[in-house]
Amino acid sequence: TMSAAEDAKWLQWVRKQFGSIAGEDKEIDLEEFKTALQVKESFFAERFFALFDVDRSGTITLEELLRALSLLVHGSEMDKLRFLFQVYDVDGKERRQCLHERCKVKVDAWGCEGAAVPGPSLPPPRCLLPRAGSGSIEPEELRVVLSWCLRESAIALPEERLQDLTLALFEAADKDHSGSITFEELQEELEAFPEVMENLTISAASWLRPPPPRERSHWPHYLTQAYWHNHRGQFTFLGAYTSLNLLLFSLAALWHSHLGAWVMVARGCGQCLNLNCALLAVLMLRRCLTWLRATPLAKVLPLEQHVVFHQLVGYVVLLLGALHTAAHITNFSRLAQQDGHHHLTDYLLSPHPEVGGLGGTASQTGLALQGLLATMLAFSSPCIRQSGHFELFYWTHLSYISIWTLLILHGPHFWKWFVVPGCLFTLEKVVGLALRGGRGMRIVEVNLLPSKVTHLVIERPQSFHYKPGDYIYLNIPAIATYEWHPFTISSAPEQQETLWLHIRSLGQWTTKLYEYFQQPKSPSPEPKPLSRSLREKRCQQWAQVGAALGLGETRQLCSIKCYLDGPYGTPTRRIFTSEHAVLIGAGIGITPFASILQSIMYRYHRRKQSCPSCHHSWCEELQDEEMTLRKVDFIWINRDQKHFEWFISLLTKLEMEQAEQEPGGRFLEMHMYMTSALSKNDMKAIGLQMALDLLAAKEQKDSITGLRTRTQPGRPNWSKVFGKVAEEKRGKVQVFFCGSPALAKVIREQCERFGFRFFKENF
């Protein structure tokens, strides 16, 4: 119930919203109602409209709207349940009862007849409630409503499954086996779902309720202890980086203080540029960074943010370069005025030994450097890289060779800063080129998923070793000769014969890849005996799972040349040294976790023990050097049903293995969420979600994915999810996320609230 003040505020909000959607006649017709309700299908909009329109005028007045909203916003459970029953009673024809004086008084209290302030919060008069004519729900009515529930939630199930859902819900609700469901029977069935009845509403009609006030903390988010604790690595690096730049600037400026203020600024920026231009190379030493992840330094240095810091240092270099150039130009202008024999252009365009640089060419090389840096920065912007012009980013970034050459000619001391990073960078490139030449591999199989994901199966050489969650750079000459793109390996290292890549069509190259394998191909040559045996093994391995799920894959065998560069490490390597790991993947963000989940189960099974006498088996809780995990929670969030097909066969296999090895085991727990599906609290979905729950309990299988894990509708309630994780007390919790930056921000804040470490995979 609402207080008088809350009721008044709510009434004001409803009037404002009503005025924004009602026409000049101050009434809402069916089309305006559908638009405001934002429903996908018209069935529920028409049902709600018919129940709201008590006088059957074909429009809804403010009085009728307030009457209906009193049920849905702050009505009793009985009122909401009666409204729900009428929605499901499809063949019932609403009857009206005459309004008596008590109803008129209540309408006045709501402010529909000019009352300035609403009266006390009273239950809505029952005579205002539309009542179903038939008074019962028949099986066919239930089937019709459930079919529209499926459409509203963007769930596609065959007709047989719809019949099974209808039968499961009808058998549970029809207590007296009379062949129909009465209001009392529906009420009794819903008593098993108290949390649903407590919050029953129409979630799509968010305009019905005022937005809840935001909770404000006494301290800004960036000043909380949890925030600093979770970002201590980044802050430590930034603090050291900033301090070192300030120190170098100050020392260089003081050393040249006798030459004037502009020279001090130019020399100070120049010394900082020596550091930052060398640091740009250090931050892209992928093999060195991968090696560092296996050392204790990985716990101190924010290695997972190396690309972000590379971008930051790039902006700093451009800024320092601009200041350095401006200070020198200003100083040259001053010298030209004092000299009287030289113009400013002479200092800028002609060599002068006193200016510095090799042969006095510091001015010319400096201007060239400034132009190259500006060009590189312009073509590094996300609008260029993500708009189908990746080659512009790639080729302009190759100008780093010219930049480093000009820097050595421009600055007399830069080589001292660059000699170690430059040698390491050159060594990495040489090793990479050697490995690329020796790692000419072949794609032996391609699976095209309807959700525009290309699953590549690549023949794995014996010399190719990697860790779970690692990524590689892939080049397929048949798609683009010079383009290399990073993708996470989705197969486990323990899978010796092949490695997998799952590539979603998002950009120009990935779309071209998908379309390339869509085209009809001429028969490929007879594969080598090794490739043929690999294909046969893979087909046998997944035949049982794929047949059970009926996956809509387009599978084709092939033999296409490709090249790999890598592997390179990611933050997900820390998962195996966690105690309680929470893996969260959004959409194709599951890719790094696919490899990790397989490897986790491989290692977990190696710890399995059995008694030689009674053959009883168990898994030891003892930790080892390879894996200290006690519990793994895997959360996968998808927008709609079809996206689950990417890795559903793999997850089914993992569920089957855990059930066979450890019946009832909870070492690996899966949680699936489908955001397009309406939540259990929504009147448009409550029947469907109840039916799905009942059928899943009966068949021990989810109707949406085929997993034993029930797919939850809507978005996760992170407060409840992490609260449950904290209550388990299975050790120190670390959360690993791969997905959109917006969702990463939400999860990071929740991790800070619960004191969990948070790691984000960039993809």
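Me: Which residues does Thr 488 touch, not counting those up to four places away in sequence?

Reply: This is a predicted model. In it, Thr 488 touches Gly 469, Asp 470, Tyr 471, Trp 500, Leu 501, Thr 591, Pro 592 and Glu 761.

Me: Where is Thr 488 placed?

Reply: In strand β6, residues 485–488.

Me: Does Thr 488 count as buried or exposed?

Reply: Buried. Its relative accessibility is 12%, and buried means under 20%, so Thr 488 counts as buried.

Me: Switching to cavities. How many of 30 Å³ or more does the structure hold?

Reply: Five. The largest cavity has about 100 Å³ of space.

Me: Which residues line the largest cavity?

Reply: Leu 84, Tyr 88, Ile 137, Leu 142, Leu 169, Ala 173, Ile 181, Leu 186, Leu 190, Ile 686, Gly 687 and Met 690.

Me: Which elements give two or more residues to that lining?

Reply: α5 (77–88), α8 (159–173), α9 (183–190) and α26 (686–699). The largest share comes from α26, with three residues.

Me: How does the lining of the largest cavity divide into nonpolar, polar and charged?

Reply: Eleven residues are nonpolar and one is polar.

Me: Now helix α20. Which of its residues are buried?

Reply: Helix α20 covers residues 400–410. Its buried residues are Ile 403, Trp 404, Leu 406, Leu 407 and His 410.

Me: Why do the buried residues of α20 line one face of the helix?

Reply: Look down the axis of α20: the buried residues fall within an arc of 165°, so they line one face.

Definitions and conventions:
Residues numbered from 1 in each chain as written. Predicted model: local features only at pLDDT ≥ 70, side-chain atom pairs only at ≥ 80, totals over all residues. Heavy atoms only, no water. 1 Å grid on protein atoms, 1.4 Å probe; cavity = no way out; pocket = protein on both sides within 12 Å on 5 of 7 lines; lining within 4 Å. Points joined across faces, edges and corners; volume = space filled by probe spheres on them. Helix = DSSP H or I, 4+ residues; strand = E, 2+ residues; numbered from the N terminus. Nonpolar A, V, L, I, M, F, W, Y, C, P; charged D, E, K, R; others polar. Buried < 20%, exposed > 50% of the residue type's maximum accessible area, 1.4 Å probe, protein only. Arc of directions from axis to C-beta. Contact = heavy atoms within 4.5 Å.
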